[in-house]
Amino acid sequence: MDYSSLSKEELIKEVASLAAKINAQKAEIAQQQNNGLLEELQKSEERFRKLSSTAFEAILIHEEGIISEVNSAFCKMFGYSAEEIKGRHVLSINTEESKQKITEQLKTKLEKPFETISLRKDGTKFLCEVQ
């Protein structure tokens, strides 16, 4: 298109139209990238679920002490269903004598293993290695 023959108003309209097209294309590209990232995240979550469901060791995932995920080995070991335990604090499944150690670990976010005395749903105590 020959822009030299356009008036100032027509040029402004053309620039605005082009800017709108560019913004629409940017939004479309961003949406495609987000869809791709979301798909990757969903695949990663599915791989994690498969891995954790087949693990023989109990797996508990928490966010600032609040339990968000557990695997079937955890449910068997502690006697809770996943629905029962999600949303509870990790301290609720440990004895009083272990709570201070766990609280310190949560504050410092140390990732080395340590032992606690945990509580099953039926109240029985057992030694548990936590990392």
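A: A residue is called buried when its relative accessible area is under 20%, and exposed when that value is over 50%. The model discussed here is predicted. Threonine 95 has a relative accessible area of 4%, and is therefore buried. Threonine 95 is placed in the loop between helix 3 and helix 4 (96-108). Apart from neighbours within four places in sequence, its contacts are Ile117, Leu119 and Lys125.

The largest nonpolar core comprises 14 residues. Those with the most contacts inside this core are Ile67, Val70, Phe74, Phe78, Tyr80, Ile85 and Ile93. Two or more core residues come from each of strand 2 (66-70), helix 2 (72-78), helix 3 (82-85) and strand 4 (125-130). Helix 2 gives the largest share, three residues. In soluble globular proteins, nonpolar side chains tend to be buried together.

Isoleucine 93 illustrates how separate stretches of the chain meet. When neighbours within four places in sequence are set aside, isoleucine 93 is in contact with Leu60, Ile67, Phe74, Phe78, Tyr80, Ile85, Ser118 and Leu119. Among these partners, Ile67, Phe74, Phe78, Tyr80 and Ile85 also belong to the core residues with the most contacts.

A pair of aromatic rings is described by the distance of the centres and the angle of the planes. With centres required to lie within 6.5 Å, the count comes to two aromatic pairs. In one of them, the ring centres of phenylalanine 74 and phenylalanine 78 are 4.2 Å apart and the planes meet at 15°, so this pair is stacked. Because phenylalanine 74 and phenylalanine 78 are four residues apart in helix 2, about one helical turn separates them. Both of these residues are buried.

Phenylalanine 78 also pairs with phenylalanine 126, in an edge-to-face arrangement with 5.1 Å from centre to centre and 65° between the planes. This pair links distant parts of the chain, since phenylalanine 78 lies in helix 2 and phenylalanine 126 lies in strand 4, 48 residues apart. Phenylalanine 78 has a relative accessibility of 4% and so counts as buried. Phenylalanine 126, at 12%, likewise counts as buried. Together, Phe74, Phe78 and Phe126 form one aromatic cluster.

Strand 3 (residues 114-119) and strand 4 pair in the antiparallel sense over six bridges. Within this pairing, phenylalanine 114 stands opposite valine 130. The hairpin of the two strands has five residues between them, and there glycine 123 takes a positive phi near 95°. In a regular strand the side chains alternate between the two faces of the sheet. On strand 3, Phe114, Thr116 and Ser118 make up the covered face, whereas Glu115, Ile117 and Leu119 make up the uncovered one.

Glutamate 64 is in the loop between strand 1 (60-63) and strand 2. Its relative accessible area is 77%, so glutamate 64 is exposed. Although not a glycine, glutamate 64 has a positive phi of about 55°.

How values were computed: Residues numbered from 1 in each chain as written. Predicted model: local features only at pLDDT ≥ 70, side-chain atom pairs only at ≥ 80, totals over all residues. Heavy atoms only, no water. Core = buried A, V, L, I, M, F, W, Y, C linked by side-chain atoms within 4.5 Å. Buried < 20%, exposed > 50% of the residue type's maximum accessible area, 1.4 Å probe, protein only. Contact = heavy atoms within 4.5 Å. Pairing = 2+ DSSP bridges. Phe/Tyr/Trp six-rings, centres within 6.5 Å; stacked < 30°, edge-to-face > 60°.
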